[in-house]
Every structure is written in C-alpha cells, then in structure tokens.
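Hi,

Here is the structure I promised to send over. Have a look at it first, and my notes follow below.

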Amino acid sequence: MNNINVIIIGSGIAGMASAIRLRSFGYNVEIFEANSYAGGKLTAFKSNGYRFDMGPSLFTMPNLIEELFEIAEKPIENYFNFKRKSVICNYFYEDGTKFSAPADKFTFAKSASNTFEVEEKTILDYLNRCENKYELTASLFLENSLHKLSTYLSKDTLIALLKISKLNINKNLSDYNSTIFRDPRLIQFFNRFATYNGSSPYQTPGIMSMIPHLEQSLGTYFPKGGMHQITKSLEKLAKDIGIKFTFNTKVEEIMINRSKVSGIKTAKVFIPSDIIISNVDIVSTYLKLLPKERVPKRILSQERSSSALIFYWGITKKFPDLDLHNIFFSADYKNEFKCIFQDDTISDDPTVYINISSKEEPNDSPNGCENWFTMVNAPRNNGQDWDTLIRKTRINIIEKLSRVLKVDLNELINYESILSPKNIETKTQSYQGSIYGAASHSKFSAFLRHPNFSSSISNLYFCGGSVHPGGGIPLCLWSAKIAADLIHKSSKS
Ligand SMILES: Cc1cc2nc3c(=O)[nH]c(=O)nc-3n(C[C@H](O)[C@H](O)[C@H](O)COP(=O)(O)OP(=O)(O)OC[C@H]3O[C@@H](n4cnc5c(N)ncnc54)[C@H](O)[C@@H]3O)c2cc1C
C-alpha cells in the first residue's frame with residue numbers, strides 16, 4: 001500500500017472500475033454513493049415475479065471486465081460468467097422484412113445478401129473498413145487521454161493522423177452508408193449504430209461506422225444472471241480487495257485548497273482526501289460539486305446525447321420469433337432523429353427496441369411469460385410535459401407492436417413500470433437525463449469531450465460516460481483506465 005487516499009464520487013461502472021485499478025496499484029480507495037445501491041445506470045429490479053435489467057442490455061467487449069479481475073488477481077469465474085450470442089439481434093421493418101443478424105461475419109454477410117439488395121462482398125468489405133477504422137483509432141481515441149501531449153508523440157497516433165482521410169469524418173454516417181449501400185433497409189440497419197453513443201446518424205460523422213465492428217466482429221455477450229451481474233460482480237470484487245463503499249451519502253461539494261483538492265463535503269462532514277475522481281456526469285460535477293470553480297463553457301454547452309423512455313412490461317405470452325435483442329424499425333428514421341434532436345420530442349413512429357432477458361434466464365419471468373424491456377430513444381429532459389408524451393408514445397408503441405406481431409398487446413401486459421429521461425436524471429444525476437453525456441455530432445466530438453483530469457485543479461480526475469472517451473459500458477471502462485493510469489503516473493513522478 002502507498003498511503004495515498006483516493007475518494008471516488010459515484011459507484012457507476014466507471015467509478016468501480018477506476019477504484020479496482022487504483023486499489024490494485026496500492027491506493028486506499030473509498031467510494032461515496034448517493035443511492036443505496038451500486039451501479040448507477042447499470043442496475044435491476046424485481047416485481048410481480050419478473051426481474052428486469054433497468055439500464056444497459058447490450059454487452060460487448062467482455063475483455064475489459066476480464067482485465068479488472070486479472071489486475072486484481074482474482075479468478076473471474078468465481079464472480080462473473082458470460083456467453084457469446086450466436087444471433088445478435090432480430091430486426092423487423094415496417095414493409096414486413098424480418099432479418100436475424102448472425103454473429104459470425106461471413107454468415108451475416110450471406111444472410112444479409114439473401115435479405116437485402118446487396119452482394120456478400122460489399123458487406124464484408126464494409127465490415128473490414130469498420131475494423132480498419134477501429135484499429136487505426138482505438139489507441140488514440142479510446143485508450144489514451146486526448147489531452148496529454150504524450151498521446152500525440154506515439155507511432156499509433158501519427159499513423160492515425162496520416163490516414164485521417166480514411167476515417168470518413170467529413171461525411172455524416174448516413175451519407176457515408178449511402179455511398180456504400182443502395183438498399184434503404186440496409187442503410188437504416190447500419191445507421192442505427194449512431195444510437196450506441198446517443199447520436200443521430202444524420203449528424204454524427206462517418207467515423208462512427210467503426211461501431212459495427214465491436215458488435216459484428218468482436219461479438220455480443222450475455223452475462224449469466226443478466227446485465228446486473230456486471231455491477232454485482234464488480235462490487236463484490238471491489239469489496240474483496242478492500243475498497244470501502246459508503247452508500248446513501250451524497251457528496252455536496254469537492255473542496256479545493258490553493259488549486260488542489262483537499263477532500264469532499266457531505267451533508268454531515270468534511271472528509272479529507274489526496275486525490276478525487278468524480279464519476280458523476282461532468283455537467284453536474286461542475287454545477288453542483290464545484291460551484292465556486294470556473295465552468296469550461298464550450299465543453300459543457302455541447303448538445304446533449306439522446307436519453308431513453310422505457311416500459312418494463314410483464315407479458316403473458318411467449319414469442320418464439322423474438323430473441324434477447326429485437327428492433328422494430330421506424331418507417332421514417334430521419335424524422336425520428338429530427339424529433340429527438342431538433343424538436344425535443346418523440347416521433348409518432350419511433351424505432352422500438354425490446355430486450356427479453358427471460359429468453360436466456362427463464363427465471364426472469366413467471367412460467368409462460370416474458371419480461372419485455374421496451375425502449376425508444378428519447379430527447380434529453382428539457383422540461384417537456386412527460387406525462388402526455390409518455391401516454392402518447394405508449395399508445396404508438398402498442399399499436400406498432402400489435403400490428404407487426406399480430407396480437408393485441410394491451411391484453412398481454414400484466415405488469416408495467418416506466419423509466420423516463422426525467423427519472424434517469426433524478427436517479428443518477430445525469431444532466432438532463434442524457435445517457436451518454438454530449439452527443440457526438442461534430443467531427444471534433446472526441447476532442448470536445450471533457451478530459452479525464454482537471455487542468456486547473458490538481459489531483460482532480462473524471463471518469464464515466466460523460467467524459468473522454470464517451471458513454472456505453474466499454475467506453476466507461478476505458479475512461480476508468482485512463483483516469484487511474486494518469487493518477488498512478490503522476491503519483492510516481
Ligand atoms: C436505459 C439505458 C440503456 C442503456 N443501454 C446500454 C447498452 O445496452 N450498452 C451499453 O454499453 N451502455 C448502455 N447504456 C449506457 C450505460 O448505462 C452507461 O454508459 C454507464 O452505465 C454509465 O456509467 P457511469 O460510470 O458513467 O456512471 P453512472 O451509471 O451514471 O453512475 C453515476 C453514479 O454517481 C452517483 N452520484 C451522482 N451524484 C452523486 C453525488 N453527488 N454523490 C454521490 N454519488 C453521486 C449516482 O447515484 C450513480 O450511482 C444505457 C443506459 C441507459 C440509462
């Protein structure tokens with residue numbers, strides 16, 4: 001142990017991951033969490049015989065979780081198990097097309113060419129280009145701080161910068177996809193990946209076409225016991241290696257003395273600390289926890305990412321046509337994103353995502369039933385009349401699913417709970433309920449995200465979905481690695 005104390009504010013996935021990394025380096029680490037439970041957005045609940053994962057449902061890049069167990073020197077199989085999915089997602093289009101996306105990229109290309117107007121080779125070439133973009137940029141954009149000179153002095157960075165024209169940053173994702181594919185259904189399929197970081201395919205740059213590589217080439221996974229096992233296993237690992245959690249304790253302020261952190265203030269006490277990491281949304285960190293500090297206006301005033309509206313439904317019927325992940329596409333995708341990002345509303349024909357964990361874990365629902373996590377992308381909370389918007393959207397979703405699945409869905413729902421952007425904001429302090437911090441709508445988005453450290457306050461660091469490199473579980477885990485490595489490097493120097 002090195003006798004350096006670190007306080008982490010928030011026990012989201014990134015907060016816990018940075019805690020585990022720092023503890024493994026020998027720091028004394030304590031996490032303060034406002035809620036009574038760990039995990040932030042990555043949580044779950046049970047009701048009326050159903051279990052629902054509340055937030056994330058798609059699990060990619062399990063190697064980033066494995067790495068945490070490796071560095072903590074604990075056998076992962078005692079904590080966390082997962083399996084690879086052979087079918088990634090079932091897609092339903094308004095024109096009646098159904099497409100089941102196989103995980104293996106060659107089978108995927110074959111099935112896609114049987115369903116859409118496209119040659120197998122075109123798909124494979126596209127996926128190879130996705131992979132190249134990922135390989136070219138991962139070490140620059142994802143695995144290192146973009147705000148440290150040392151990042152720019154590496155060979156990988158120079159190669160990425162020399163090949164910048166191949167990254168398609170001057171076209172939006174939809175325009176880029178339209179240059180490759182003719183079939184509008186396939187363009188819509190590949191446009192959807194913009195939503196993985198809460199952006200619009202009509203605004204996010206073409207470089208985001210690297211995202212299908214994560215899913216289509218590296219695979220998607222299901223944690224045994226459901227997504228919440230990620231939180232539960234990391235919480236257990238953290239406790240086992242000596243990290244202290246203090247729940248039900250909201251941090252009121254990060255205390256600064258002579259431009260250096262001195263500790264945190266809760267409603268009751270001041271707790272001193274050498275180093276602080278905020279896992280709280282970066283806008284909330286500045287507005288609530290650093291009220292006396294200068295706000296980096298350009299960074300914090302960026303357009304927010306999308307949020308989500310979720311209906312957790314208990315369904316009294318089994319649907320053999322559905323799998324773990326299912327998408328029911330909108331007939332007018334462009335309008336759907338205009339509604340979210342320009343009009344702060346939800347279109348009357350939103351794309352509906354249904355996650356059914358009981359397909360993998362039968363005990364997640366009563367016999368003969370399924371647990372439907374039914375989600376549509378939604379705008380940030382901007383003070384809309386959510387009651388009216390939720391009521392209208394519920395009717396539209398039920399009408400759409402009833403029509404496509406040829407059932408009366410109203411009759412099949414025997415349990416319902418709802419999560420809105422407003423609730424997401426209240427439960428996790430994510431500013432305006434945005435899931436991924438800022439939207440990635442500029443070709444400079446990666447550079448505009450807040451760094452993982454403060455340049456004006458010594459020993460203050462940041463991790464989580466709203467800072468570099470961005471939102472989603474894998475990116476949060478990278479943010480934790482970058483923050484922990486920066487701390488360790490600066491403590492050693
Ligand atoms: C509905 C939904 C679906 C999603 N789907 C996916 C998906 O399929 N795949 C994927 O990879 N990602 C998905 N995401 C995104 C993913 O959940 C997030 O990127 C990730 O969980 C964010 O983790 P985080 O570390 O940033 O912290 P958060 O989960 O935001 O947690 C922050 C924590 O800080 C605590 N906190 C805040 N303020 C204070 C304070 N003042 N004092 C103490 N504690 C405080 C909060 O209580 C919270 O526990 C989804 C998110 C949502 C909401």
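Aspartate 240 and lysine 236 sit four residues apart, about one turn, in helix 10 (residues 228-240); helices here are DSSP runs of H or I with at least four residues, strands are E runs of at least two, and both are numbered from the N terminus. The two side chains form a salt bridge, with the closest N and O atoms 3.0 Å apart. By salt bridge I mean a side-chain nitrogen of Lys or Arg within 4 Å of a carboxyl oxygen of Asp or Glu. Aspartate 240 is partly exposed at 38% relative accessible area, and lysine 236 is partly exposed too, at 44%. (Buried is under 20%, exposed over 50% and partly exposed in between, with a 1.4 Å probe and protein chains only.)

Before going further: this is a predicted model, in which local features need pLDDT of at least 70 and side-chain atom pairs count only at pLDDT 80 or more, while totals for chains, interfaces and linings use all residues. Residues are numbered from 1 along each chain as its sequence is written, and side-chain values use heavy atoms, leaving out hydrogens and water.

The structure holds 27 salt bridges. In one of them, glutamate 94 meets lysine 400 at 2.8 Å, N to O. This pair links distant parts of the chain, 306 residues apart: glutamate 94 is in the loop between strand 7 (87-92) and strand 8 (98-102), and lysine 400 is in helix 14 (residues 386-405). Glutamate 94 is partly exposed at 30%, whereas lysine 400 is buried at 2%.

Aspartate 321 and lysine 98 form another salt bridge, at 3.6 Å, N to O. Aspartate 321 lies in the loop between strand 15 (307-315) and strand 16 (325-328) and lysine 98 in strand 8, so this pair ties together parts 223 residues apart in sequence.

Now to the ligand. Its shell has 35 residues, and the closest are Glu33, Lys41, Val251, Gly465 and Ile473; a residue belongs there if one of its heavy atoms lies within 4 Å. Helix 18 gives the largest share of the shell, three residues. An N or O atom in the side chain of lysine 41 is 2.7 Å from a ligand oxygen, and a backbone N or O atom of alanine 14 is 2.9 Å from a ligand oxygen. Both are polar contacts, meaning pairs of N or O atoms within 3.5 Å; within protein, one must be able to donate a hydrogen and the other to accept it, and residues adjacent in sequence count only if both atoms are side-chain atoms.

Best wishes
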